[in-house]
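Here's a quick walk through a model you can follow on your own screen. Have a look at the fold and then read on.

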Amino acid sequence: MLTAVTILVDGLVYSSWLFIVAVGLTLIFGVMKILNVAHGGFYSMGAYTAAWAIGLYFNAGWPPAGSYLLIAAAAGIAGTLLGLALERGLLRYVYHRDPIIIVLITYAVFLILENLVLQIWGVDAYLAYQPDTALGTTRIAGLRFSNYELLLIPLAAAIGGGLWWGLNRTRTGKILRAVIHDREMSLACGIDVSRLYTVTFVIGAVLGALGGAVTAPMISVTPGIGVEVIVIAFAVVVVSGLGSIPGTIVGALIVGLSRAAAVHLWPEVELFVIYAVMSAVLIVRPQGLFGRAPLRRI
Amino acid sequence: MTALLAVHHLNKAFGSVVAAKDITVTVGDGEVVGMIGANGAGKTTFVNMVTGYLKPNSGTIEFLGRDVTQLPPRAIVAAGIARSFQIPQIFGSASVADNLLIALGIAEGGRLPLWRALRSRERLATVERVLDHFGILAYRDQAAGLLPQGVRKLLDIAMATLRAPRLLLLDEPTSGISVEEKFAIMDTIMGALRAARCAVMFVEHDMDIIGRYASRVLAFAEGTIIAEGAPAAVIADPKVQRYVTGVPEAMRRAAAAP
Amino acid sequence: MDGTLRALAVAVIALAIGSLWTPDWIVFLATIIIAKGLVVLGLMVLWRTGLVSFGQALYYGIGAYAVGMAQLAFGLRDAFLLVAFGTVLAAAIAVLLGFLLARYRDIFFAMLSLAFSMILYGTLVKSATLCSTDCFAVLPPRFAGMAAGGTLAKNGLFWLTLAAATIAVYGVHRYLASPLGALTTAIRDNEIRVEYLGYSVERAIHIKYVIAAALAGAGGAIVALAVGHIDPDSTYWTTSGEFVFVTILSGAGSALAPFVGSAIFEALRAYATAYAPYSWQMILGVFLLLLILFLPQGVWSLFQRRVRRAAP
């Protein structure tokens with residue numbers, strides 16, 4: 001009984017983290033049909049910016065309360081700058097290319113970003129535990145959970161809710177959904193798809209950076225975290241159905257709970273259970289859980 | 001005598017849209033059958049079902065006495081039914097000759113010979129002969145993706161004929177082609193096919209072409225066949241005039257006169 | 001015998017003889033270049049079909065681990081048998097996985113192939129018997145029963161690699177010229193048309209996938225023998241990424257292109273390690289970007305252009 005609760009809580013925390021990390025990738029794919037490998041770079045940039053800023057902040061002796069705003073700010077600035085630079089500076093010129101080519105282009109950018117992180121911040125690990133430890137821990141079912149981690153759950157819910165509200169209750173959101181459905185038709189209706197793409201990409205970048213920034217206090221920030229995370233994000237996004245935000249919630253839950261179960265029940269498979277789940281889902285439903293089946297072409 | 005193609009009570013619905021309702025058709029060896037109907041009447045759905053792209057909800061399709069209803073397209077092609085497409089399906093990055101070469105390579109054997117090069121003198125000769133029959137030999141080295149529409153259509157049809165099919169379904173062979181060229185292209189196609197003794201079913205919107213080439217016409221409307229017979233009779237049929245061709249101006253005025 | 005095969009013959013003979021007078025480290029490097037070129041050759045076949053596998057590291061790793069395990073479990077020492085074992089094992093697994101993978105295209109094909117390679121990686125890293133990240137020393141191979149010593153030690157593996165590459169290049173070259181090989185670009189251009197001409201696209205892709213896997217397995221086995229040790233990093237997705245990079249770098253113009261690309265890549269890596277060790281990813285990324293933007297057909301297209309201009 002204790003194990004079941006532990007797995008549930010652990011799973012929810014991990015699922016929330018997965019959602020926060022992967023939802024930006026989903027958004028960009030849904031709207032622009034691009035699998036943005038550079039998302040991993042947004043993540044590591046966000047993590048490093050946050051870790052570095054937190055370091056400076058606490059060295060200057062400021063109180064812990066402000067550090068959470070700092071995390072958000074770090075993500076916002078890093079994501080916006082990177083997103084704008086990438087979309088306006090490179091991607092808008094290659095939208096017409098083959099989707100696989102665009103993926104390879106974002107892969108190249110990812111490599112550059114990962115190395116940029118190394119150049120700027122060096123090889124040593126950055127530790128920014130303060131925002132995490134400042135909140136203390138809670139005992140659930142015999143295990144100590146960090147309150148910071150538990151807060152990921154409402155944070156993920158807030159982000160999910162915010163995106164839902166944005167897509168369904170605002171005019172821009174409805175226009176976005178039109179573009180998701182049919183880009184050409186939207187263009188024909190006079191929608192400024194180009195500007196929408198920029199906005200979407202920046203939001204996706206900020207979300208990616210937020211994933212990293214929020215994670216920074218929980219880990220040792222080292223070069224290569226982007227490389228590890230991007231494949232996990234792919235798994236979640238592919239399971240969900242490439243572009244479905246509700247799907248990302250379900251996908252994150254499935255993957256997160258599976259991993260938690262693995263960690264506690266069968267540790268040997270922990271590292272690959274994510275990909276096993278992904279393979280299993282794709283076998284049963286080739287377009288992902290919430291993906292759209294391909295349309296008739298002739 | 002077994003009919004070449006025998007379709008019994010085909011039904012197909014996409015959700016609440018009925019694309020085919022109780023379609024029963026027989027086609028004999030060497031016949032030329034025209035299919036007319038408004039857009040969305042079910043003609044292409046019919047072609048898609050006969051060629052295996054879609055599976056009917058119920059009903060059977062028999063070809064040369066054999067039930068082919070559930071077979072995949074490649075098996076149906078192997079059995080002797082070929083088709084061309086409304087939007088020509090060709091290999092855009094290859095030359096016109098290469099398109100046919102690839103088709104020939106597949107046609108020549110289920111187990112494709114691995115160590116024999118595709119580009120052989122005899123194959124190239126065959127390809128040139130076919131291109132000549134269809135009147136597009138001049139385009140042989142051009143990239144298929146850059147061809148004008150008429151040539152694309154002819155290439156599409158030429159590729160379909162390489163396996164010497166017994167039945168060829170042409171989905172709107174002259175659509176997208178200017179009025180002056182329609183007859184020329186149909187002449188070319190029918191000439192090439194007549195030599196091959198192949199039955200043809202073609203979808204067409206132009207009644208002049210139907211009149212000239214078809215020996216029998218099927219009129220589709222809302223998923224059913226509302227009329228069947230010789231072209232003149234079908235075109236004059238009041239139901240067909242209502243749902244497909246429209247009533248000729250003179251008749252309408254006559255009917256409206258007191 | 002056409003131009004490609006003639007060039008192949010010349011190159012192989014020149015390299016085989018030349019290796020007798022070349023310093024060890026160059027022969028070693030050449031072995032690695034050619035072995036990795038094999039992996040890229042397989043990727044090239046898939047690339048022509050319009051597919052990118054982001055998981056060739058799976059078979060590359062299988063080839064390597066097959067060598068290690070065959071030595072441990074069966075006491076196998078002969079280089080030829082070890083490489084053959086790695087190749088066949090990789091191919092066998094690809095036959096199984098191919099049934100599934102051949103149904104996917106584009107992003108899903110890439111992601112699913114990635115997933116399979118990560119499953120192997122996860123298994124290897126966590127597995128005690130296959131000992132985590134550290135181990136697996138590979139014993140020096142024997143050649144036709146003779147223990148390695150002297151010239152044979154240095155060159156035996158290289159000659160075996162050359163032999164493997166010769167077979168591979170000849171095979172792929174003939175394959176691409178055959179009716180089945182023509183189905184690579186045909187499938188990429190129009191799958192529906194291929195089905196309607198009467199051939200199963202899934203089957204064609206399955207076959208190409210197995211070919212790519214066998215080549216990757218061979219490459220992995222050879223590298224394991226050359227380097228003398230195996231680790232799970234060879235199955236990590238970044239390894240697959242490097243192979244994809246070299247595929248783009250080489251282009252799909254000829255069965256020889258992957259080896260030229262592989263050589264350029266290793267030269268690039270050598271320079272980067274020597275002069276800018278912390279910028280390797282950056283160099284890779286910038287290079288890849290420039291390639292995709294300005295030379296999408298790979299370096300082989302440069303060579304083709306010059307050849308065409310040279311002809312009257």
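Start with one pair of residues: H8(B) sits opposite T60(B), which belongs to β4(B). Keep in mind that this is a predicted model. Strand β1 (residues 5–14) of chain B and strand β4 (residues 58–63) of chain B run antiparallel and are joined by five bridges.

Zoom out a bit and you get an open sheet of four strands in chain B, ordered β2-β1-β4-β5, with antiparallel pairing. At its edges are β2 (17–27) and β5 (66–67) of chain B, each pairing on one side only. Helix α1 (residues 43–50) of chain B lies across β1, β2 and β4 of chain B, at about 65° to β2(B).

What about chain B as a whole? It has 10 helices and 10 strands. A compact globule with 258 residues would have a radius of gyration near 18 Å, so the 19 Å of chain B agrees with that. The C-alpha atoms of chain B fill a box of roughly 75 × 40 × 35 Å along the principal axes. Buried residues account for 45% of the 258 residues in chain B. Of the contacts in chain B with a separation of 6 or more, 66% are between residues 24 or more positions apart.

Now for the place where chain C meets chain A. Chain C puts in 34 residues and chain A 33 residues. On the chain C side, α5 (106–126), α10 (237–250) and α12 (280–294) each give two or more residues, and α5(C) gives the most, with 14 residues. By class, that side looks like this:

| Class, side of chain C touching chain A | Count |
|---|---|
| Nonpolar | 23 residues |
| Polar | eight residues |

How values were computed: Residues numbered from 1 in each chain as written. Chains lettered and ligands numbered in written order. Predicted model: local features only at pLDDT ≥ 70, side-chain atom pairs only at ≥ 80, totals over all residues. Contact = placed C-beta atoms within 7 Å. Nonpolar A, V, L, I, M, F, W, Y, C, P; charged D, E, K, R; others polar. Rg over C-alpha atoms; globule rule 2.2 N^0.38 Å. Buried ≥ 20, exposed ≤ 12 C-beta atoms within 10 Å, placed from the backbone. Pairing = 2+ DSSP bridges. Axes fitted to C-alpha atoms, helices over the stretch in contact; angles between N-to-C directions.
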